[in-house]
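Here is a short briefing for you, grouped by topic. Have the model open beside it as you read.

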Amino acid sequence: MDEFSFKVHANRWGSTSTYKVRKTDTGWHVAHIAINGDCEPDGSPFLYSNFKQDHICYPSGLGNQLEWLWRQIDECEIDWEDAQEKLQELGDWVSTCEKAEPLWSGWNL
């Protein structure tokens, strides 16, 4: 299987959003509703464009770990199942940050 799921909580919608992520030779292809495209191994620009559109908070180290994961897959250091599990761990990390954001009337409510 070559497509991964990356699920994150979105306060804006009060639910989980699912991104489809596929490893390419040069990075990732990210697909989610209207913003799709080939990205660098750290997920830029389209993963973060999606987060920005939905006002999703994410940890500053996400790109570094996503790039590390890409390299592990590229060098055949981990299998598909381990990669999916680690990718969802990153999604859970994003969800934790998103859920911890203060919600203020007039700002993000």
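Is Asp 79 buried, exposed or partly exposed? Asp 79 is partly exposed, with a relative accessible area of 41%; buried means under 20%, exposed over 50% and partly exposed in between, using a 1.4 Å probe and protein chains only. This is a predicted model, in which local features need pLDDT of at least 70 and side-chain atom pairs count only at pLDDT 80 or more, while totals for chains, interfaces and linings use all residues. Residues are numbered from 1 along each chain as its sequence is written, and side-chain values use heavy atoms, with hydrogens and water left out.

**The negative patch**

- Asp 79 belongs to a negative surface patch, together with Glu 81, Asp 82, Glu 85, Glu 89 and Asp 92.
- Patch residues have over 30% relative accessible area and no salt bridge, and like charges are joined within 9 Å (nonpolar side chains, namely Val, Leu, Ile, Met, Phe, Trp and Tyr, within 5 Å).
- A salt bridge here is a side-chain nitrogen of Lys or Arg within 4 Å of a carboxyl oxygen of Asp or Glu.
- Asp 79 sits in the loop between helix H2 (62–74) and helix H3 (80–100); helices are DSSP runs of H or I with at least four residues, strands are runs of E with at least two, and both are numbered from the N terminus.

**Strands and hairpins**

- Strand E1 (residues 3–10) and strand E2 (residues 15–23) run antiparallel and are joined by 8 bridges; two strands pair if DSSP finds at least two bridges between them.
- Within this pair, Val 8 has Ser 17 in E2 as its bridge partner.
- The hairpin of E1 and E2 has 4 residues between the strands, and Gly 14 in the turn has a positive phi of about 65°.
- Opposite residues of E3 stand Val 21, which faces Val 30, and Lys 20, which faces Ala 31.
- E3 and E4 are antiparallel too, joined by 5 bridges, and His 32 has Ile 35 in E4 as its bridge partner.

**Backbone points to check**

- Most residues other than glycine have a negative phi, and most peptide bonds are trans.
- Ile 33 has a positive phi near 50° in the hairpin of E3 and E4, which has 2 residues between the strands.
- Ile 33 is exposed, with a relative accessible area of 77%.
- His 55, in the loop between H1 and H2, has a positive phi near 55° and counts as exposed at 53% relative accessibility.
- The peptide bond from Ser 44 to Pro 45 is cis, with omega near 0°, and Pro 45 lies in the loop between strand E4 (35–39) and helix H1 (46–53).

Note on methods: Areas by Shrake-Rupley, 256 points an atom, 1.4 Å probe, with all protein chains shown as cover. Lys, Arg positive; Asp, Glu negative; His and termini not counted. Charge placed at Lys NZ, Arg CZ, Asp CG, Glu CD.
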